[in-house]
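Let's take a friendly walk through a protein model together. Have a look at the picture first, then read on.

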Amino acid sequence: MRETDVIVVGAGIVGLATAWRLAEREPGIRIAVLEKESDVARHQTGRNSGVLHSGIYYRPGSLKARTCRSGKQAMEDFCDRHGVPRDRCGKVIVATDGTEVPALEEILRRGEANGVECRRIDAAELKRIEPEARGVAAIHVPETGIVDYAAVCRQLASLLRAAGHAVHTGFPVTRIEVSAGSVAARGPAGTVQGGFLVNCGGLHSDRLIRASGFEPEVRIVPFRGEYFRLRAGAPTLCRNLIYPVPDPRFPFLGVHFTRMIDGSVECGPSAVLALAREGYSWREVNLRDLLESLTYPGFLRLAGKYWRAGS
């Protein structure tokens, strides 16, 4: 039995950032981060395109706009303070024909209202910034950047340990017992008991709720973004980040080119139903996960409404 003040389940960027902020605000408390994998950032945090988004798309004054702007600044400050490599490389949002120009102008309006460094450019300037990109107009967003979020997590874990807190890897949580004034996280690796527990379990966050004796209001349905990586020599075709004007019906979708912090370039994503919560290829299948997805009424409603877009 190990005792602490606050238990954080999950050592992705949400869990580690939560633990670090708690440690900064309450220097006298003890924190234990529990992670089932052998290292931090093994799932979504370490498998994304690494973009530091500017907040240009969001409705001015909305929670998304405010948190994106403040979060980006906080991330840049953290990286600079602790020596985590980042690159404020900039991106272009490209209208390929005249029908996309009104949506491009609305994005520019939102960006300016949100305080984003951005400006409208013509086809000639687009070619100067990204010589291989073609469009009738574009927005240049110089402040958009890239970072290695897994490196951020490793630094957070190192800071937590140096401050006397615990980051336990190889520690899956299978049962959570809540009693008056305390909570215990149990698993094959042992038990940690504390005063509070914060669920940052990502793909398994709904199951962690169920493991504590409560029924989650929503269920995780895993979708996977598939990316292509440009072959050797081809990355020079993309200097930084090239984005399309998003479809307003599906603003979270849109294939884009992204230069990674190591210099490689990825193109994607598509969005496909994953056959497992941790299924990163078509070969990875978990029947329990798949059955839960296919029988969840929320997913069935989504699929019925948008099956044409997904086919």
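**The sheet**

This predicted model holds an open sheet of 4 strands in the order 1-13-12-11, with mixed pairing. Strands (E, at least two residues) and helices (H or I, at least four) are DSSP runs numbered from the N terminus, and two strands pair if DSSP finds at least two bridges between them.

- Strand 1 (2-3) and strand 11 (175-179) are at the edges with a single partner strand each, so one side of each has no neighbour in the sheet.
- Strand 1 pairs with strand 13 (residues 190-194) in the parallel sense over 2 bridges.
- Glutamate 3 has glutamine 193 in strand 13 as its bridge partner.

- Met75, Phe78, Cys79 and His82 in helix 2 meet Tyr149, Val152, Gln155, Leu156 and Leu159 in helix 5; contact means heavy atoms within 4.5 Å.
- By class, this contact has 7 nonpolar, 2 polar and no charged residues, where Ala, Val, Leu, Ile, Met, Phe, Trp, Tyr, Cys and Pro count as nonpolar, Asp, Glu, Lys and Arg as charged, and the others, Gly among them, as polar.

**Cysteines**

- The count of disulfides (pairs of cysteine sulfur atoms within 2.5 Å) comes to 0.
- Cysteine 118 is in no disulfide, and the nearest cysteine sulfur, in cysteine 68, is 13 Å away.
- The sulfur of cysteine 153 lies 11 Å from the closest cysteine sulfur, in cysteine 79, which is too far for a bond.
- Cysteine 153 counts as buried because its relative accessibility is 0%; buried means under 20% relative accessible area, exposed over 50%, partly exposed in between (1.4 Å probe, protein chains only).

**How to read this**

- Residues are numbered from 1 along each chain as its sequence is written.

Notes:
Predicted model: local features only at pLDDT ≥ 70, side-chain atom pairs only at ≥ 80, totals over all residues. Heavy atoms only, no water.
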